[in-house]
Amino acid sequence: MKALLALLLASALVAMAGAKEIKFLNVSYDPTRELYREYNVAFAKYWKAKTGDDVVVQMSHGGSGKQAQSVINGLEADVVTLALAYDIDAISEKANLLPADWQKHLPDHSAPYTSTIVFLVRQGNPKHIHDWDDLVKPDISVITPNPKTSGGARWAFLAAWAYALEKNDNNEAKARDFVARLYKNVPVLDTGARGSTITFVQHEIGDVLLAWENEAHLAIKEFGADQFEIVMPSLSILAEPPVAVVDKNAKRHGTLTAARAYLEHLYSDEGQEIAAKNFYRPRNEKIAAKYAGQFAQLRLVTVDGEFGGWQQAQQKFFGDGGIFDQIYQH
Amino acid sequence: MKLNQLILAIVAGAQFAFPLLAADGEATNSTGAAQNEIPASAAPSAANNSAEAAEIEALKKEVQALNQRIQNLEQQHELQQQAIANTNQEQIQELDQKVRILERQRELDKEDATAAAKTQPLVKLDANGFTLSSADTNFAISLHGLVQLDSRTFFADHNIANSGFLLRRARPIISGTVFHDFDFMFVPDFGGNTVQIQDAYLNYRFVPELQLQAGKFKSPVGLEQLQSDSVLPFNERSLVTDLVPNRDLGVELHGDLFGGVASYAAGIFNGAPDYNGTTVNSDSDNDKAFAGRIFFQPWKTSDMEVLRGLGFGVGGSYEADRNGTSGLTPGYTTDGQQKFFAYTNGVAANGTHWRISPQGYYYYGPFGILGEYVISDQQVSRTTAPLVSGDLQNTAWEVSAGWVLTGEDASYNGVTPRHPFNPRAGGWGAWQVVGRYEELKVDKSAFPTFASSTASASSAHAWSAGLNWYLNKNIRLNASFSHTMFSGYTGATPAVPAQAENVFFTRIQLTF
């Protein structure tokens, strides 16, 4: 009888002491699927070796603004890896799930990699698209997502605006007219960058896609250089997609330590290498030099330098009743 | 093409129009000798021939000009056709783009509609009741209900108890969630003869392992008492529940650990006497009770199916109760809800009151067994002469078991029929036989100072057997018989404990 009880007790203890598995949710923007698919595997190996714990990272992708709103509405993200800082600011301000100074918690304003906006055109560039001017011609069909929901679209909008301003001696009215003509050529507004890529690549709609640099490279990698080619405009914008731990959710889920390590590891050589392999421009100079050949040099404006930061830019261009609402008449 | 043919025909016609000439000429040329044989009279003919040759030459030139013109026309025609084709191609491409755009727009509209649907409130009505929730389920409200129509028929009891129908429970149950983590429950009961609020509480779920509940709810002590009213195997709980607190007002910390392998609850309450059918909504003294319970189901999440349904634990309470009669039980009742024990007038709670209840169950397939033991130790005093005090320790235990004849799994949370009652489709619901043995002993030292043997029995033990028919998840019929025997009663007849209680129960239950 005692032996039976001992057996039962031992069995109970074994049942209660299972292997530790940490699960957390990374809410990201649209085109990072491939990046984080590869990175999550690498981090899981790293974390297992370091702590012995298994990590399972679940992903959620969508337009950056839309994703931020989902987190505000209750999507229990442990970390967010979004397209622009304003969207994480919104999570902090509206849902109070992370501190307002979240950008100070990691190097480089919590943006472990950068990117920019380029043009993806069909092979041979049949419409002879070379710069932003070509996008406002009446017979050009431009594919870009909705800046109200997509981070990439907001970067693209600002790049176009910066070009138009420069070309028109900082005349805002002319810049506004330029961007209005550009968006008049947009027949479909997807909610996110990946949707726009599908519109352009798979549905064969439009003459040019305003694409994240990594997304443009990915399209070529997937569909072949005989289908598309990348056109570098004379000027674009430095996009800094930021990352942050959603502290309150992570604390509640007991994932805070792993979530922090997950984002910190993005700055490691391994994380930077994975970013570069997926056509994100790495911060690490050594890795950047190694992959310099795949990133064309072009003139980049910054959102802080050109637009006074994201708070101002968001309010002026993309807020309700902002310039985009005024010019987009579809 | 037709024009070309016409020209060729003209040329052919021209040759045909001068056949002799041509034939002669050719014949002459062919013979080679004819040129040397020009007759004298041939001079005018030669002139004629020269004119004809010139005419032929002119015609040939004309034909060539016409041919050139035809070629020009054909080229123009081809260019026009090419231009038309190009235009058509452009138009087709343009139309193709428009169609693609429309198709994509339609896809996006559908995606938008799907996304919008995700933000619409969700309405659900099924066997689990009516639920209205926000799309993200952060807010929800559910309407459930429990109605029990019973009959009790007493045999050979000298007409002490009334046989008849009764509305045992009639409870609208309103529960829900606000802001994702806050649950609430409100349960009034219109059954019996008194309308009461059974449950009214708010529960904050920080995590499943740590929750804080405040309001009126079941005190965490008795296993049978904590089982939901709608899934009890018998119409009435056993004698064990006479010794544990019913619903009480207070604040409780509770949670499930390791996916329910262990659960705990600990709280501070107003304090409730041993089982009291009618609960109150306020405190009648300054004393507070502490109650708690810990329960283990070590194999709940394991693959060892045979042990998965094993659960055991212990509940208990402690109260320094010095408030007299309000802390004292109004009496212990039988399965038939007849009082067989009560303290005499002038006895009051005066001191500590503690309970401990080891408890457990085991369910495996259609079989289930539940057992519980309770000690309720209470210090009492007489408020009338003789002014004496005592520490009374009353005990009770029970074992109930059941077997689902139709093979469904038995569980602490009831039985769900595999084939709901529907004779046309060959469904007859689930059938379960149940049996129970129970016993309650009052401390012997309670007599005669604090209780009278001429009014109360010192112990009761009972057995019961029953048959439960679960027509579907919502409707259930019960029938059971209970036989209770008493000892220690020395009073007159008729009285409840003067003879055994034999009662036949039936129940029609609707729950949703």
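Some housekeeping: residues are numbered from 1 along each chain as its sequence is written, and chains are lettered from A and ligands numbered from 1 in the order in which they are written. As this is a predicted model, local features need pLDDT of at least 70 and side-chain atom pairs count only at pLDDT 80 or more, while totals for chains, interfaces and linings use all residues.

Let's start with the sheet. Chain A has an open sheet of four strands in the order β6-β7-β5-β8, with mixed pairing; strands are DSSP E runs of at least two residues, and helices are H or I runs of at least four, numbered from the N terminus. Two strands pair if DSSP finds at least two bridges between them. β6 (142-143) and β8 (228-231) of chain A each have a single partner strand, so they stand at the edges. β6(A) runs parallel to β7 (residues 208-212) of chain A, joined by two bridges, and A:Val142 stands opposite A:Val208.

Now, where does A:Asn278 sit? You'll find A:Asn278 in the loop between α13 (269-277) and β11 (281-282) of chain A. A:Asn278 is buried, with 21 other C-beta atoms within 10 Å (buried takes 20 or more, exposed 12 or fewer, partly exposed in between, with C-beta atoms placed from the backbone). Its C-alpha atom is separated by 8.8 Å from that of A:Thr32, 246 residues apart along the chain.

Finally, the helices: α7(A) passes α8(A) in a right-handed crossing, meaning the near helix is turned clockwise from the far one by less than a right angle. Thanks, everyone!
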